[in-house]
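Let's take a walk through this model together, starting with a few charged pairs and ending at a pocket. Keep the structure open beside you as you read.

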Amino acid sequence: MENGSSTAPKKWSFKGNEALTKASATSIRTVLMNTMGKIDPRDPRPTIPLGHGDPSAFPCFRTTPVAEDAIADAVRSAKFNGYTVQCCLSLSAIADYLSKDLPYKLSSEDVYVTLGCAQAIEVILTVLARPNANILLPRPGFFLYELRAAYCQLEVRHFDLLPEKGWEVDLDAVEALADENTAAIVIINPGNPCGNVFTHQHLKKVAETARKLGILVISDEVYGHLTFGSTPFVPMGVFGSIAPVITVGSISKRWIVPGWRLGWLVINDPNGILEEYGVLSLSLSLSLSPCVCVCVISPATIASHLPFLNSIQQPVTFRRQLISSVAFFQVKIFSSLLWSYDLIAVWEFTMIVDCIKGCVNISADPPTFIQGAVPHILEKTKDDHFSKIVNTLRETADICYSKIEEIPYITCPSKPEGSMFVMVKLNLSLLENIEDDIDFSLQLAKEESVVVLPGVVVGLKNWLRITFAVDPASLEDGLGRVKAFCERHAKKQQVEKTSSSI
């Protein structure tokens with residue numbers, strides 16, 4: 001036999017993870033790649049990328065030389081060639097940078113560096129994915145939360161963002177969705193995909209709702225400070241004294257370097273709730289003569305059947321002071337038949353902070369030289385860089401909104417005030433031979449070499465997510481092609497109506 005093998009297996013036992021393949025088929029990356037695959041290579045016009053938020057290719061969005069020099073210096077120093085670690089200097093620099101906007105000071109122990117904001121999301125969802133737990137996600141939202149929750153077997157429950165109210169959180173729906181197994185609510189501010197910015201007042205209401213429900217707030221602030229409307233950016237950590245907040249973010253967007261993959265997960269918890277509260281599990285040994293039966297049940301079940309344990313029952317969470325990490329106790333109880341037996345319970349207490357540390361410790365870190373450059377990047381970048389980026393986004397957001405208003409086949413509920421995106425609703429009743437938002441996107445790419453993201457990917461079917469983070473000339477060209485595409489596919493009576501109104 002070839003290679004010296006004399007026998008062959010009856011069958012190979014390995015196979016792929018079907019659930020993972022199914023989930024990745026609906027990811028933003030997969031959908032955009034499929035859409036770009038429809039572009040006609042014979043089209044001499046440049047492809048206009050209005051589907052994803054990476055403006056780094058455009059000169060008007062180039063990062064600051066301060067950041068580029070910091071990376072070069074870190075590499076040339078030869079101090080950052082070893083294995084990656086959670087670098088103390090970068091942790092302190094991130095803590096100082098974020099503390100500028102908070103009413104309290106973060107420490108390096110509150111910060112964990114991650115491979116971009118995406119890994120920060122993976123870490124916190126993995127930490128919260130205990131049996132039967134669920135998480136509240138916005139609709140529309142960032143689909144990575146959906147995919148990671150599915151991968152962790154964490155149940156997802158959706159609350160709506162309200163377009164008629166500037167895409168605010170439907171807090172009544174949040175309260176109706178939550179139960180005793182709800183772990184957290186996710187908000188994205190500034191908004192991806194809606195381009196909204198939550199007000200100070202609304203964020204406070206979110207925190208108060210989370211406190212009422214006894215849940216965490218996970219605040220995705222990867223677009224933090226990229227605001228250009230009337231509503232300023234307010235970090236959710238401002239309200240960390242009301243409810244504990246986990247902030248995820250990165251340098252990707254504000255510095256326009258998504259390929260550098262430097263993010264963070266930050267604990268905003270000035271009251272120490274996440275260090276005091278955690279998950280309690282109970283193992284019981286029931287001794288009847290020589291026989292021993294072992295089972296695992298919840299503390300609430302024990303307390304309901306054994307009144308003498310009521311003193312230790314707590315709602316949902318348990319205090320660290322209640323027990324040590326592993327505590328033993330033995331009680332003597334009697335059955336109705338007066339048979340005595342011993343109930344030996346072993347309590348195990350795990351804090352959220354410990355879970356985060358554990359997850360980070362078994363995860364990959366950002367490259368060491370990127371971590372080494374972070375202090376200089378955060379401390380030395382001048383305000384004129386940030387002003388240039390925000391002013392450019394303001395200009396392109398204005399162009400985007402005004403050009404969309406000229407297209408009667410799509411509707412934008414409100415002018416974007418932050419991030420790099422806007423959501424627009426398709427009016428399919430005015431278009432012929434367009435089945436849905438996916439079909440619209442594929443045909444648009446084929447006919448006009450313009451890429452947009454179908455809204456179904458972010459939770460709203462028959463909507464589109466459009467980015468305005470491209471240079472102004474390309475944006476005008478791209479939206480002009482969108483208009484031409486819609487007019488070419490418009491129903492005849494609509495074309496006549498539009499022509500008569502001009």
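In this predicted model, D96 is partly exposed, with a relative accessible area of 37%. Its salt-bridge partner is K105, and the closest N and O atoms of the two are 2.9 Å apart. K105 is exposed, at 61% relative accessible area.

The side chains of K212 and E175 form a salt bridge, with 2.9 Å from N to O. Because K212 belongs to helix α8 (residues 200–213) and E175 to helix α7 (residues 171–177), this pair ties together parts that are 37 residues apart in sequence. K212 has a relative accessible area of 60%, so it counts as exposed, whereas E175, at 31%, counts as partly exposed.

Salt bridges with shared partners also build a network, which joins D43, R45, E447, E448 and R488. Within it, D43 pairs with R45, their closest N and O atoms being 2.9 Å apart. Is D43 buried or exposed? Its relative accessibility is 16%, and buried means under 20%, so D43 counts as buried. R45, at 33% relative accessibility, counts as partly exposed. The salt bridges in the model come to 16 by count. As a general point, side chains of opposite charge can pair when their charged atoms come close.

Let's move on to the second largest pocket, which has a volume of about 1,100 Å³.

To find the pocket on screen, look for I28, R29, A118, F142 and L144, which lie nearest its centre among the 35 residues of the lining. Several helices take part: α1 (18–24), α2 (28–36), α5 (116–128) and α6 (144–151) each provide at least two lining residues. Which helix gives the most to the lining? That is α2, with 6 residues. Sorted by class, the lining of the second largest pocket holds 18 nonpolar, 9 polar and 8 charged residues.

How values were computed:
Residues numbered from 1 in each chain as written. Predicted model: local features only at pLDDT ≥ 70, side-chain atom pairs only at ≥ 80, totals over all residues. Heavy atoms only, no water. 1 Å grid on protein atoms, 1.4 Å probe; cavity = no way out; pocket = protein on both sides within 12 Å on 5 of 7 lines; lining within 4 Å. Points joined across faces, edges and corners; volume = space filled by probe spheres on them. Helix = DSSP H or I, 4+ residues; strand = E, 2+ residues; numbered from the N terminus. Nonpolar A, V, L, I, M, F, W, Y, C, P; charged D, E, K, R; others polar. Salt bridge = Lys/Arg side-chain N within 4 Å of Asp/Glu carboxyl O. Buried < 20%, exposed > 50% of the residue type's maximum accessible area, 1.4 Å probe, protein only.
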